[in-house]
Amino acid sequence: MFDTLIAGLVHGNAYALVAVGLSLIFGVTHVANFAHGSVFAVGSMAGWWFLAELGLPLWAAVLAVLAVTGLLGLLINVLAVRPLAKSPPIAALLATVAVSLVIDNLSQLVFGPRVRPFPPALPTNDLQLGGLRIGTSDVVMFAITIAVMAGLAAYLKFGRSGRAIRATAQDPDAALQMGIPVARIQHLAFVIASALGGLAGVFVGMYTSNVSPTSGTAAGLTAFVAATLGGLGSMVGAVLGGFLLGVVEAFGISLWGDGVRDLITFGVLLLVLIVRPGGLLGKVPAIANEPMTGTFLSGGREIRLRWWITLPVLGLAVALPQLVDRYTITVAATVAVYAIIAASMTLVSGSAGQITIGQAGPIAIGAYTSAILTTITGWSYWPALLASGLLAAVVAGALTGPAWRLRGHYVAIATLGVGSVAVAVIRNWESLTRGAYGIRGIPAPVLFGEKLNSAIEFYLLSLALLVLTLVVVTRVRASHLGTVLAAVGADEVAARSSGVRIRDYKALAYAVSAFFAGIGGSLLAVQYTYIEPSVFNLPMSLLALTIIVLGGLYSPVGAVLGALVLVGVPELLRLAPDVRILGYGVVLLLVIRFRPQGLWVRTA
């Protein structure tokens, strides 16, 4: 048990060092910086390059990494966060998500995707503590974490600019009136936090003995959970949360194996958001006002298609198999599936005004439900398709139910936790889902005794379900329910004052969205014929979100346009995955910055 505790403290030390920077940025800007993990990855790769390629001593490499990542943090604030200072926090959150995609994939293009051994600048296995061997690098990292916490505390209490950071965190408007240069103070906070993230990248790379440009997502999400556990905005809370999460993980892994790591991490995130959203040492909640999506992603009216335009477009879609080759039809079917997923999201992210970033969870539930029912229990595809949507709606709704009492991006973060927990359960429930091995041989649907196993038949099936989805979503938006959802998204305070049960209507909108996500997952399972948990990852959720932001959060037809641009065009051009995801990030950032209402919207 003592060895497990020590191992947990060693892991938690790494989490704490990254989480401190996240909490600092959140405290000053009230922005959940999802690009912080990417800065961590850049720090680890830069440390490898300075040590292994240039042969610099450790102290010089650390200084160089601090400079590189500090500058990167400044650029993130200047280009992505600061221009959205007058927008609700959800805008900046989405911008940092976009920046994360850009940085991660640029790093892969520069360094290559392969894992590299990190140079042993300090011994990593030279000390004995109980039955566990640790290294001098672990002791140094622990000392750095304590020094960083103490140094930041002293700087924020006694330093002139440190006191300005505290004043800005408490009330930016009042700080500005008192003569504090708020913009420069926020720049400084990003520089300090990002430099700390880069420093963590070096020492975590030394601890794990290898580094990769793709390591930022996992590190950033884990550190975010640690910061949330301790209390976003609290430096001491970030360190406490990091150590506590590390210990909980270590004991969980010792009991059930390494496969439960994600389940523990994101289970802790959901538990904290439900029980104590301000964390152990934070305030509940840190944001008092609802960052209304409607306020940010509006400024126009949806462009409505007339029937005399809709019918020819639909006719062209039906006739498409006669006009193009088989590969294009396969791409068109994928576009239709993602359009189904995205169009339903307009109810919750558009009408109800609540961004969700964990849609991969309901998609995975739908895909696995369909695959299990058709391959193991022998169900026909059609009842399995319906069951996929229903189970996705029920499970996603049940997991997020308690979180709807929260506001703004706390709910968005909760949906991320739900998606990650769902995929983690699928990965660990090996007796049913076959775990990491996945499910093979998923059969094609059978209609009137004929298998729909050709690309054309699957495309027509996806197209029919897309049309049905658009009709249902459009009818919901035009109904009394749609009017209430629009009222919730436009002004939550006024809606609540009118007696609208905000939580219930947001939960209902999310459940409907999850139902169609489950339908989309079922279609993807049939198209792929093989599924495994890693398919349903964070980039899938971000792709669905980017599609509706591009097309317009209020426009189901815009979701089709967004899917065509972001799924169809890259597939037809056969772009490499890293280039494609880099493009998603650039598009998302540009749309948020310059046309937040989306493309399929008439400017007011």
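Trainee: At roughly what angle do the axes of helix H14 and helix H23 cross?

Mentor: This is a predicted model. Helix H14 covers residues 326-351 and helix H23 covers residues 538-551. Their axes come within 9 Å, and the crossing angle is roughly 70°.

Trainee: How is H14 oriented relative to H23: roughly parallel or roughly perpendicular?

Mentor: The axes cross at roughly 70°. Angles of 65 to 115 degrees count as roughly perpendicular. Therefore H14 is, relative to H23, roughly perpendicular.

Trainee: Is the crossing of H14 and H23 left-handed or right-handed?

Mentor: The handedness describes how H14 passes H23. In this model the crossing is right-handed.

Trainee: How many nonpolar residues belong to the contact of H14 with H23?

Mentor: From H14, the residues include Tyr338, Ile341 and Met345. They meet residues of H23, among them Met540, Leu543 and Ile547. The contact has no charged residues and two polar ones, and its nonpolar residues number 10.

Trainee: Is serine 38 buried or exposed?

Mentor: Serine 38 lies in helix H2, residues 36-53. Leaving aside residues up to four places away in sequence, serine 38 touches Ser100, Ile103, Asp104 and Gly216. Its relative accessible area is 1%. Because buried means under 20% relative accessible area, serine 38 is buried.

Trainee: What distance does helix H16 reach from its first C-alpha to its last?

Mentor: Helix H16 runs over residues 381-400 and has 20 residues. Its buried residues include Tyr381, Leu385 and Thr400.

Notes. Residues numbered from 1 in each chain as written. Predicted model: local features only at pLDDT ≥ 70, side-chain atom pairs only at ≥ 80, totals over all residues. Heavy atoms only, no water. Helix = DSSP H or I, 4+ residues; strand = E, 2+ residues; numbered from the N terminus. Buried < 20%, exposed > 50% of the residue type's maximum accessible area, 1.4 Å probe, protein only. Contact = heavy atoms within 4.5 Å. Axes fitted to C-alpha atoms, helices over the stretch in contact; angles between N-to-C directions. Parallel < 35°, antiparallel > 145°, perpendicular 65-115°, else oblique. Left-handed = near helix turned anticlockwise from the far one by under 90°. Nonpolar A, V, L, I, M, F, W, Y, C, P; charged D, E, K, R; others polar. Expected span 1.5 Å × (residues − 1).
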